[in-house]
Every structure is written in structure tokens, then in C-alpha cells.
Amino acid sequence: MTLTPPGKAGPVTLPPAGIPGCKNGRVTRASLNKQPHEVASMFDDVAERYDLTNDVLSLGQDRRWRKEVATAVDARPAQKILDLAAGTATSSLPFARTGAYVVPCDFSLGMLQVGKKRHTWLPFTAGDATKLPFKDDTFDAVTISFGLRNVQDTDAALREMYRVTRPGGRVVICEFSHPVWAPFRTVYTEYLMRALPPVARAVSSNPDAYVYLAESIRAWPDQPALAGRLREAGWSKVAWRNLTGGVVALHRGFKAS
């Protein structure tokens, strides 16, 4: 299957094998410098069982988190919603059910291909969050769940989200964060680095990828720091809410009318 983003002349193709982090011609994990080809190829490799693995590793909490995202986005009939890092479009389905026009966008072709097989009616689009293939002021809401920390340039992505959002529109970011209670934060960190890789080994097609994911969570800015970066990108009325004690944080902002 070929996927072509709007405004591009040709299909998007994966980079050749032989790049750093490859094993037998495939990327087993990405490094924390977040080179786009490494991250995209890593997600290509886990696409088939990605949703199942997330459900197991989060102890089923990811379903609750996605419900909270849908409530925060508050999609309405005929609104245009951009779902970034949509993967297989599990996160996009709640918006589509409201009657909104949702565009699942991701830079992993493997994820998009699996999603297209499952949800043929959705307009899957290949795109880089730092250089979105959409016109200015297009969407009523832009959302990204568990994907912003995988973007090489977070601030560029936040500015791009602002650019493609119409005046008065909103952004909703759901991302792993820092638990607010110190004793729980210690236990959580131990789980990430010790328990997560063995569990991933049992259920994932590429357990090495989840070592990167654990490391990227630990290196991610805390809640106030991410809020500050949203404001610097132009978003106003920025606020956040902790879920599961701060394991996940939901940030929201608005583009001034």
C-alpha cells in the first residue's frame, strides 16, 4: 500500500536498512536523540501488536486515558480534528463517532498500514509533526496522545500544531509525565526500567523498542515545563490535569480568536 500526504508529489517511503540501531535490516529501538528515521522504523516494527502491548503494559489504564482525551477534545459533528501520532487510529475512533471529520496522521508507515486495514474509511495521512502537510487554520482541534515525546523537535511540533489550528481552536496533549507523590514516583520509575522490558518481551514483537519508550518517559519534561513550552509556542489559557497520580498528564491550550 502507498500512502501519500496532501500536497506531496510522490509516496512516502521508509529509509534504507543499514542505519544505526538496526538488527537484521530493521531498527530494534531508537536512541534518545530521536532521529526521525529511527523512531519511525521502530514503530513500524511494533505496529501489529502495538495496541495489545499498550493495554497490557498500562494494566488497562490506557483505555481510561483515551476516554479522558476524548472528553477534553470535545469533538462535535462536522468539526475537523487532527489526531497526530495516531498510529493505527485507536485514538481517532472516539472523534469519528461524534460525527467529526478526523484525520489520523503519523510518520510511521507501518502503523498507518495496519490502521488502514482495520479502518478503511478513515483518511490516514503520512506526516511529520514538525512539518505538517496541512494549510494554516485548518482544524478545530489538534490532539496527540503518547507521541509528542517521540518527536525530535518538541517546540517545532507545538508551533506546527498552532499553525494548522483555526483561531479559537484548541490543542489537547496526552503524554506520560511525572507522578506527583514522591514514594509512588520511585516505584513507578522502577517499574519502567525493570518490569516493563520483561513484560514487553512476552507480548511485543519488538521488546527492545520498549526500553527506548521507558527511557524517553523518564527524560520527558514535567507538567509545568511542558505547559511553559506550550505558551512559548503561542497557545493561551494553558492548563493541565494529572491522570493516575501524574503517570499521565493532559495538557490543553487555545489559539486566540
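**Arg 241 and Glu 68.** I looked up the contact between these side chains first, and found that Arg 241 and Glu 68 meet in a salt bridge with an N to O distance of 2.8 Å, the term standing for a side-chain nitrogen of Lys or Arg within 4 Å of a carboxyl oxygen of Asp or Glu. The pair links distant parts of the chain, since Arg 241 lies in strand 8 (residues 236-243) and Glu 68 in helix 3, 173 residues apart. For these elements I follow the DSSP runs, numbered from the N terminus, with helices as H or I of at least four residues and strands as E of at least two. I note Arg 241 as partly exposed because its relative accessibility is 40%; the classes are buried under 20% relative accessible area, exposed over 50% and partly exposed in between, with a 1.4 Å probe and protein chains only.

**Basis of the entries.** The model is a predicted one, in which local features need pLDDT of at least 70 and side-chain atom pairs count only at pLDDT 80 or more, while totals for chains, interfaces and linings use all residues. Residues are numbered from 1 along each chain as its sequence is written, and side-chain values use heavy atoms, with hydrogens and water left out.

I then turned to another of the eight salt bridges that the structure holds, in which the side chains of Asp 136 and Arg 163 meet at 2.7 Å, N to O. This pair also links distant parts of the chain, with Asp 136 in the loop between strand 5 (125-126) and strand 6 (139-145) and Arg 163 in helix 6 (residues 154-164), 27 residues apart. I recorded Asp 136 as partly exposed at 47% relative accessibility, and Arg 163 as partly exposed at 23%.

Arg 163 also meets the side chain of Glu 160 in a salt bridge of 2.7 Å, N to O. Arg 163 and Glu 160 are three residues apart in helix 6, so about one helical turn separates them. Glu 160 is buried, because its relative accessible area is 12%. Through salt bridges that share partners, Asp 136, Glu 160 and Arg 163 are joined into one network.

**Ala 78.** My last entry concerns Ala 78, which I placed in the loop between helix 3 (61-73) and strand 3 (80-84). Ala 78 is exposed, because its relative accessible area is 67%. Leaving aside residues up to four places away in sequence, I found that Ala 78 touches Gly 99 and Ala 100, contact being heavy atoms within 4.5 Å. From Ala 78 to Ala 100 there are 22 residues in sequence, and the C-alpha to C-alpha distance is 4.7 Å.
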